[in-house]
Amino acid sequence: MNDRPNDLKRIRPEVPKAKVNDEMSDEERFQNTTLRPIVKLQNPLLIEVFKSYIIKRKNVFHNLTLEKRLSYIEDAVNKDMKFRNSLRGMIVGHFTLHEFLQYNNDSSAYNKRIANLVRERLISQVQLFDKPEKR
């Protein structure tokens, strides 16, 4: 039996600070009930994908100051269309059909929210991208 919608929702972690109330917009509700849990679920993959991104770009990231590293992350997520579309796919691929239909109604606004969530998550974990020490 195919129970994909419930299976997808069952594996999503809870995000306690992602509150939902009657006053919030549909976009904010979707962000807190769908996008935040999926981004949290995908965090280990997002980290490894960004590490790979750094390596593919000749490890320039490792020679930057902290401020420039944060800017590098921001530029990668906001300006590198191929990378941004890849990140978006990692999130959208975890939508139920109902969620995808909602997303599709205003994908531009939701894409901005996805980019913001992923960018902030990567920035908050910037220390994970330090170059490993050679042994």
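The model is a predicted one, and it describes a protein with 7 helices and 0 strands, so that the pattern read along the sequence is α-α-α-α-α-α-α, with helices and strands assigned as DSSP runs. Taken along the principal axes, the box filled by the C-alpha atoms is roughly 50 × 35 × 30 Å. Of the 135 residues, 39% count as buried, while the protein exposes about 8800 Å², of which carbon and sulfur atoms supply 50%. When contacts between residues at least 6 apart in sequence are considered, 68% of them join residues at least 24 apart.

Helix H7 covers residues 107-124, which makes 18 residues, and from its first C-alpha to its last it reaches 25 Å, close to the 26 Å expected at 1.5 Å a residue. The buried residues of H7 are Tyr110, Asn111, Ile114, Ala115, Leu117, Val118, Arg119, Leu122 and Ile123. Among the elements that cover these buried residues are helix H2 (26-41), helix H3 (43-56) and helix H4 (66-79), and the cover also includes helix H5 (81-92) and helix H6 (97-105).

Between H5 and H6 runs a loop, and Thr96 has its place there. Thr96 counts as buried because its relative accessibility is 3%, which falls under the 20% limit. Once its neighbours within four places in sequence are left aside, Thr96 is in contact with Arg4, Pro5, Leu8, Lys9 and Arg12.

Side chains of opposite charge can pair when their charged atoms come close. The count of salt bridges comes to 9, and among them is the one in which the side chains of Glu99 and Arg12 meet, at 2.7 Å from N to O. Because Glu99 lies in helix H6 and Arg12 in the loop between H1 and H2, this pair ties together parts that are 87 residues apart in sequence. Glu99 is buried, with a relative accessible area of 5%, and Arg12 is buried as well, with a relative accessible area of 12%.

Other salt bridges lie within a single helix. Arg10 forms one with Asp7, the closest N and O atoms being 2.4 Å apart, and both residues belong to helix H1 (residues 4-11), where they stand 3 residues apart, about one turn of the helix. Arg10 counts as exposed because its relative accessibility is 57%, over the 50% limit, whereas Asp7, at 37%, counts as partly exposed.

Note on methods. Residues numbered from 1 in each chain as written. Predicted model: local features only at pLDDT ≥ 70, side-chain atom pairs only at ≥ 80, totals over all residues. Heavy atoms only, no water. Helix = DSSP H or I, 4+ residues; strand = E, 2+ residues; numbered from the N terminus. Buried < 20%, exposed > 50% of the residue type's maximum accessible area, 1.4 Å probe, protein only. Contact = heavy atoms within 4.5 Å. Areas by Shrake-Rupley, 256 points an atom, 1.4 Å probe, with all protein chains shown as cover. Expected span 1.5 Å × (residues − 1). Salt bridge = Lys/Arg side-chain N within 4 Å of Asp/Glu carboxyl O.
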